[in-house]
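Please consult the sequence and the structure shown below while reading.

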Amino acid sequence: MLRREPMLSSRIFIWQHFTRLTPSEVLEAIPLFHPVWADADPDDIAFADSHAAHGNFRAWPS
C-alpha cells in the first residue's frame with residue numbers, strides 16, 4: 001500500500017521484509033518477551049501460537 005503512494009514511499013529509507021517465527025523461535029523468544037510467559041509450559045506457548053499468533057510476533061501482545 002505504501003509503495004503505491006509516491007509521497008509515502010519516498011519517505012521509507014529501507015524496506016524490511018519480515019517472516020513468521022518458526023515454532024522453535026517462538027519457544028525461544030516468547031518466554032523472554034513477557035514475565036507471564038517466562039514460566040509457562042512450552043506446550044502452552046506452542047498451543048497459543050498455533051491457535052492465535054501463527055508465528056506473528058506482533059500478535060502476542062493482544
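## Terms and basis

A residue is called buried when its relative accessible area is under 20%, exposed when that area is over 50%, and partly exposed in between (1.4 Å probe, protein chains only). The model is predicted: local features need pLDDT of at least 70, side-chain atom pairs count only at pLDDT 80 or more, and totals for chains, interfaces and linings use all residues. Residues are numbered from 1 along each chain as its sequence is written, and side-chain values use heavy atoms, with hydrogens and water left out.

## Packing of α2 against α4

Helix α2 spans residues 23-33 and helix α4 spans residues 42-53; helices are DSSP runs (H or I, at least four residues) numbered from the N terminus. The two pack at an angle of about 105 degrees, and their axes are 10 Å apart. That angle makes α2 roughly perpendicular to α4, a term covering 65 to 115 degrees. The axes are lines fitted to C-alpha atoms over the stretch in contact, and angles run from 0 to 180 degrees between N-to-C directions.

On the α2 side, the contact is formed by V26, L27, I30 and P31, which meet P42, I45, A46 and D49 of α4. Contact here means heavy atoms within 4.5 Å. The residues of this contact comprise seven nonpolar, no polar and one charged. Ala, Val, Leu, Ile, Met, Phe, Trp, Tyr, Cys and Pro count as nonpolar, Asp, Glu, Lys and Arg as charged, and the others, Gly among them, as polar.

## The two sides of α4

Which residues of α4 are buried? They are I45, A48, D49 and A53. Viewed down the axis of α4, these buried residues fall within an arc of 100 degrees, so they line one face of the helix. The arc is taken from the directions that run from the helix axis to the C-beta atoms. An α-helix has 3.6 residues a turn, so residues three or four places apart point the same way.

The cover over the buried residues of α4 includes α2 and α3 (35-38). On the other side of α4, D43, F47 and H51 are exposed. A53 has a relative accessible area of 6% and is therefore buried. Leaving aside neighbours within four places in sequence, A53 is in contact with R20, A48, A59 and W60.

## The ends of α4

The N-terminal end of α4 is capped by D41, which has a side-chain oxygen 3.0 Å from the backbone nitrogen of D43. At the other end, α4 is followed by H54. H54 is not a glycine, although its phi is positive, at about 55 degrees. With 44% relative accessibility, H54 counts as partly exposed.

## F33 and F57

F57 is found in the segment after α4, whereas F33 is found in helix α2. F57 is partly exposed, with a relative accessible area of 35%, and F33 counts as partly exposed at 32% relative accessibility.

Not counting residues up to four places away in sequence, F33 touches F57, W60 and P61. With neighbours within four places likewise left aside, F57 is in contact with L21, I30 and F33. F57 and T19 are 38 residues apart in sequence, and their C-alpha atoms are 9.8 Å apart in space.

Technical notes: Parallel < 35°, antiparallel > 145°, perpendicular 65-115°, else oblique. Polar contact = N/O pair within 3.5 Å; in protein donor to acceptor, adjacent residues only side chain to side chain.
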